[in-house]
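Reader: I have just opened this structure and would like a guided tour. Could you show it to me and take my questions one by one?

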Amino acid sequence: MPVTTANLGFPRIGPRRELKKALEAFWAGRIDEGALRDTARRLRAANWARQRDAGIDVIPSNDFSLYDQVLDTSVMLGAIPAPYRALGPQDSLAVYFAMARGTRSDQGGDLPAQEMTKWFDTNYHFVVPEVGPDQDFTLCAAKPLGEFAEALALGHRTRPVLLGPVTWLLLAKSNQAGFDPLTLLPAILPLYRELLSRLRAAGAQWVQIDEPALVLDLDERARSALRTAYAALCGPDSPRIMLATYFGGLADNRELALSLPVDGLHLDLVRAPEQLEPVLDGAREDLVVSAGAIDGRNVWKCDLAALLDRLGPAARARREIQLAPSCSLLHAPIDLALETELDPQLAEWLAFAVQKLEELALLRLGLEHGPYVIADELAANADAIAARRGSALTNDPAVRARVAEVAPDWTRRALPVERRLARQRERLRLPSLPTTTIGSFPQTEAVRKARAEHRKGTLDQAGYDAFLRAETERAIRRQESLGLDVLVHGEFERNDMVQYFGERLSGFAFTRAGWVQSYGSRCVRPPILYGDVARPRAMTVNWWRHAQGLTERPVKGMLTGPVTILQWSFVRDDQPRAETCRQIALAIRDEVADLEKAGARIVQIDEAALREGLPLRRADWNDYLGWAVACFRLAAAVAAPETQIHTHMCYSEFNDIIDAIGAMDADVISIETARSKMELLDAFATCRYPAQIGPGVYDIHSPRVPSTDEMRALLVKARGAFDPGQLWVNPDCGLKTRRWEDVEPALANMVAAARLVRAET
Ligand code: GLN
Ligand code: ZN
């Protein structure tokens with residue numbers, strides 16, 4: 001029973017975000033292509049060496065990317081829409097970055113970037129492939145072959161990683177209505193075959209082909225595409241194929257996966273541990289099962305003893321078993337050794353990418369030679385696991401007692417929405433089609449500078465506060481002179497909508513270098529939610545009070561919702577997520593109560609990430625939506641009927657979750673709609689959404705200033721679907737990434753549009 005260790009992908013951004021810095025320098029023209037490629041080559045070499053040093057037998061190549069692995073695949077296949085293709089050869093950076101980021105008119109082009117969307121249920125964004133009926137494909141194998149050869153020259157015979165043809169097609173969008181990208185499968189299979197045979201000729205014994213689509217609900221079309229694809233790709237000219245599935249279980253696709261003539265199958269045993277035995281039972285004797293046993297999506301140390309117990313029988317029963325992370329480590333921070341400021345007790349419980357690989361190597365030793373060869377490590381691991389379980393850092397009896405006390409009426413407002421809205425109308429006396437914004441105003445150079453100086457200690461607390469108060473006052477004055485009806489304080493004191501709250505709640509820790517790629521050169525540093533969540537004191541009331549003290553118009557209290565805080569953190573894995581979310585909800589509930597006590601008439605609870613938390617399988621949606629909605633309501637329902645609760649969501653697909661949105665029972669919801677030209681309003685209109693709604697009329701993702709006419713037209717369209725008394729007028733999202741020079745005229749036009757439409761009703 002040989003046991004081997006394998007990795008599915010390593011973070012490419014670099015421990016000090018070297019890739020980010022090189023990319024941004026290249027885009028700004030400060031370094032040339034050669035220098036960018038040198039940095040990339042150095043990062044790859046360092047990553048391979050680290051993986052070998054950690055004791056990994058099967059090391060990936062072609063997991064690196066200058067921007068995104070889905071875009072790499074599109075370019076490799078020549079799926080490049082004509083306008084980009086005109087910019088250079090298939091493998092040129094000009095084409096590649098134009099697709100990723102668009103071209104600016106001052107650089108001689110004016111192409112939009114290709115659409116981006118989230119990679120399965122992660123916070124990583126990929127560039128959506130775009131294909132059409134007359135699509136032609138041309139293979140450019142330079143990247144996978146080049147990186148394989150590069151590694152080989154350094155002494156690593158790697159296993160190249162390819163995104164599988166079926167998943168790639170399922171993620172693609174069609175440039176023509178009614179066209180199904182999957183029909184292009186026969187056209188791309190010859191390219192994959194060619195690529196595989198060239199990799200084999202170059203010395204690759206195995207390739208890893210990722211088909212995460214196998215953990216989704218698949219229709220018969222997709223299933224038959226998988227059969228066709230792997231019948232064509234497995235053969236004597238190809239290297240051996242490790243088919244990788246991750247982010248969930250195969251479930252009803254298990255028999256299909258086991259029927260494919262591949263040589264190996266990777267399973268995510270963190271998300272779906274229960275699939276191990278049935279797969280082993282059904283697997284061909286010579287199939288190499290890759291056990292994705294270490295969590296590639298989270299930051300916790302594994303339980304070594306438990307994994308040895310769990311995997312022992314499988315290892316003994318099989319000819320070969322491979323140990324791997326559950327998915328690519330792309331989604332984990334790189335190296336815990338860089339965290340010098342974490343509470344040492346907490347640090348004991350964590351494993352980042354490098355540490356996860358070391359765990360795999362230990363696991364292999366233990367499985368192959370028996371636990372006694374890793375006795376010391378096992379003991380240390382068991383100590384860490386036990387310490388975490390019993391620690392006062394993770395258990396706060398007061399929080400637990402409070403959660404136990406939650407009764408059903410805590411999630412119900414005292415009156416139904418119609419009667420609440422009547423009281424709020426009475427109290428707020430707003431014009432019809434009231435105007436407002438979503439919360440943040442431009443985080444200018446001055447704001448960022450003050451924050452950086454405060455962090456470094458060169459600007460003291462009093463000086464920083466004075467600066468923020470002045471900035472807030474300027475924002476209030478600007479909103480008054482723009483004529484907005486409901487104001488915001490501007491969120492200048494917030495670095496980030498989750499981090500700000502995490503820093504004020506107990507149970508959260510922050511890393512120095514725990515960066516994870518979000519898209520391209522953009523990285524995020526999610527907080528680590530390790531313990532019970534409590535709110536030692538009010539978090540936002542003073543800022544709200546300051547702002548409201550400056551104006552007669554209502555200023556909204558501005559909070560991030562519990563589901564969004566959960567979704568954008570690394571969450572403890574020692575209790576159900578729903579339980580953790582409930583604790584956050586109680587903390588936010590207390591903040592709502594404090595804002596109300598201080599006099600706030602309107603409180604907005606943003607749930608920007610509610611939709612992205614949806615499970616990949618439909619069968620799991622109800623459970624998730626049930627607790628997610630209940631948590632929002634737990635936070636909101638403490639408000640009296642005359643206090644108006646707003647929520648905000650920045651995306652545009654609501655059709656399939658509209659009932660849950662209704663069940664949140666907010667008084668007002670603002671959503672993103674400007675780019676979709678109000679299409680999504682249909683969902684709200686057909687379900688007769690009873691509350692008020694602010695469809696975004698100003699696309700804040702672009703520096704462009706929308707005209708009064710354009711926004712007026714959007715409002716007229718919205719008015720057709722709703723009662724005039726139901727509508728609010730606002731941008732798509734917060735304005736923190738914009739400049740005042742664009743924001744002021746845009747908001748002036750927005751207010752003018754609202755006034756015009758008001759006069760017409
Ligand atoms: N209130 C937040 C802001 O305006 C909302 C951000 C978001 O929805 N992503 O910045
Ligand atoms: Zn938003």
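This is a predicted model: local features need pLDDT of at least 70, side-chain atom pairs count only at pLDDT 80 or more; totals for chains, interfaces and linings use all residues.

Reader: Thanks! With that in hand, how many of the residues of helix H3 are buried?

Author: Helix H3 spans residues 69-77 and is mostly covered. The buried residues include Gln 69, Asp 72 and Leu 77. What covers them includes helix H5 (93-101), strand E4 (125-127) and helix H8 (185-202). The count of buried residues in H3 is 9 of 9.

Reader: Is Leu 66 buried or exposed?

Author: Leu 66 sits in the loop between E2 and H3. Leu 66 touches Leu 23, Ala 40 and Tyr 96, not counting residues up to four places away in sequence. Since 20 or more other C-beta atoms within 10 Å are needed, and Leu 66 has 22, this residue is therefore buried.

Reader: How far is Leu 66 from Leu 36 in space?

Author: In sequence, Leu 66 and Leu 36 are 30 residues apart. From C-alpha to C-alpha, their separation in space is 9.2 Å.

Reader: Which strands stand at the edges of the sheet of 8 strands?

Author: This open sheet has the order E1-E12-E11-E10-E9-E8-E6-E2, with parallel pairing. Two of its strands each have a single partner strand, so one side of each is left without a neighbour in the sheet. Those edge strands are E1 (3-5) and E2 (60-61).

Reader: Within that sheet, which residue of E8 is the bridge partner of Val 161?

Author: E6 and strand E8 (residues 206-210) run parallel, and 3 bridges join them. The bridge partner of Val 161 in E8 is Gln 208.

Reader: At what angle does helix H12 run to E11?

Author: Helix H12 (residues 304-317) lies across E1, strand E11 (288-294) and strand E12 (321-325). The angle between H12 and E11 is about 180°.

Reader: How far apart in space are Asp 268 and Cys 327?

Author: Asp 268 belongs to strand E10 (residues 264-268) and is buried, with 28 other C-beta atoms within 10 Å. Leaving aside neighbours within four places in sequence, the contacts of Asp 268 include Tyr 246, Gly 292 and Cys 327. Asp 268 and Cys 327 are 59 residues apart in sequence, while their C-alpha to C-alpha separation is 6.8 Å.

Reader: Let us move to the sheet of 3 strands: which strands are at its edges?

Author: The order in this open sheet is E13-E16-E18, and the pairing is mixed. Two strands have a single partner strand each, so one side of each is left without a neighbour in the sheet. They are strand E13 (506-509) and strand E18 (570-571).

Reader: What about H27 and H28: how are they oriented to each other?

Author: Helix H27 (residues 708-721) and helix H28 (residues 740-760) pack with their axes 8 Å apart, at an angle of about 45°. H27 passes H28 in a right-handed crossing. The residues of their contact divide into 9 nonpolar, 2 polar and 2 charged. As for orientation, H27 and H28 are therefore oblique.

Reader: One last stop: which residue in E21 does Met 649 stand opposite?

Author: Strand E20 (residues 644-649) and E21 pair in the parallel sense over 4 bridges. In strand E21 (residues 668-671), Val 668 and Ser 670 point one way and Ile 669 and Ile 671 the other way, and all are buried. The residue opposite Met 649 is Ile 671.

Definitions and conventions. Residues are numbered from 1 along each chain as its sequence is written. Chains are lettered from A and ligands numbered from 1 in the order in which they are written. A residue is buried if 20 or more other C-beta atoms lie within 10 Å of its own, exposed if 12 or fewer, and partly exposed in between; C-beta atoms are placed from the backbone. Two residues are in contact if their C-beta atoms, placed from the backbone, lie within 7 Å. Two strands pair if DSSP finds at least two bridges between them. Axes are lines fitted to C-alpha atoms, for helices over the stretch in contact, and angles run from 0 to 180 degrees between N-to-C directions. Angles under 35 degrees count as roughly parallel, over 145 as roughly antiparallel, 65 to 115 as roughly perpendicular and the rest as oblique. A crossing is left-handed if the near helix is turned anticlockwise from the far one by less than a right angle, and right-handed if clockwise. Ala, Val, Leu, Ile, Met, Phe, Trp, Tyr, Cys and Pro count as nonpolar, Asp, Glu, Lys and Arg as charged, and the others, Gly among them, as polar.
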